Amino acid sequence: MSIWWSLHLRREAASVPLARRLLLGTMETAGVDPDISYDLSVALSEACANAVEHGAVGAHGAPSEAYRVTAYLDGEKCRIEVADSGPGFAAALPPRPARPDAEHGRGLGLIRELADHVHIGNKPGRAGAVVSFDKILKWREDAPLMAV
């Protein structure tokens, strides 16, 4: 069983719960274990919130109005990618963990804790950040689309 979808979303706060609900609905319909679905939905929300907040200015200072979310449920794994057209991550400065008392800056750390494999970087040859992560899936006993 494979499910693939991609969204081109406006870079506004209302797009974050839309992406999250679509992922949760897809996983529930497929029969993914609710705990796995929840973990991935929180990680997706964090990645989308970062794209909304930090993906504001694209190449050459032009405003960036959108970002992209792509999700693959393929066999035993779900892979999610969130890409924006903002300035990306500074090449010399990898994202640092937030201080424990910080009110902002915990999203990437949460994604790392909730997913099995995480890649955080810039789009090759273009402006923009890419956050991709995957997680091994568990299935409900009655899963209609469970991997065979």
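Trainee: What does the accessible surface of the chain come to, and what share belongs to carbon and sulfur atoms?

Mentor: First, the ground rules. This is a predicted model, in which local features need pLDDT of at least 70 and side-chain atom pairs count only at pLDDT 80 or more, while totals for chains, interfaces and linings use all residues. Residues are numbered from 1 along each chain as its sequence is written, and side-chain values use heavy atoms, with hydrogens and water left out. Accessible areas come from the Shrake-Rupley method with a 1.4 Å probe, and for residues only the protein chains shown count as cover. Here the surface is about 8500 Å², and 56% of that belongs to carbon and sulfur atoms.

Trainee: How many of the residues of β5 are buried?

Mentor: Buried means under 20% relative accessible area, with exposed over 50% and partly exposed in between (1.4 Å probe, protein chains only). In β5, seven of the eight residues are buried, so the strand is largely enclosed by the rest of the structure. Across the chain, 41% of the 148 residues are buried.

Trainee: Which strands pair with β5?

Mentor: Two strands pair if DSSP finds at least two bridges between them. β3 (residues 77-84) pairs with β5 in the antiparallel sense over seven bridges, and V82 stands opposite V131 there. β4 and β5 form a hairpin with six residues between them, and G125 in the turn has a positive phi of about 75°.

Trainee: Why do the buried residues of α3 line one face?

Mentor: An α-helix has 3.6 residues a turn, so residues three or four places apart point the same way. In α3 (residues 107-114), the buried residues are G107, L108, I111 and L114. Seen down the axis, they fall within an arc of 130° (taken from the directions from the helix axis to the C-beta atoms), so they line one face. Their cover, judged by contact (heavy atoms within 4.5 Å), includes α2 (34-54), β4 (117-122) and β5 (129-136).

Trainee: How many disulfides does the structure hold?

Mentor: A disulfide is counted as a pair of cysteine sulfur atoms within 2.5 Å. The structure holds zero. C48 is buried, with a relative accessible area of 0%, and C78 is buried with 0%.

Definitions and conventions. Helices (H or I, at least four residues) and strands (E, at least two) are DSSP runs, numbered from the N terminus.
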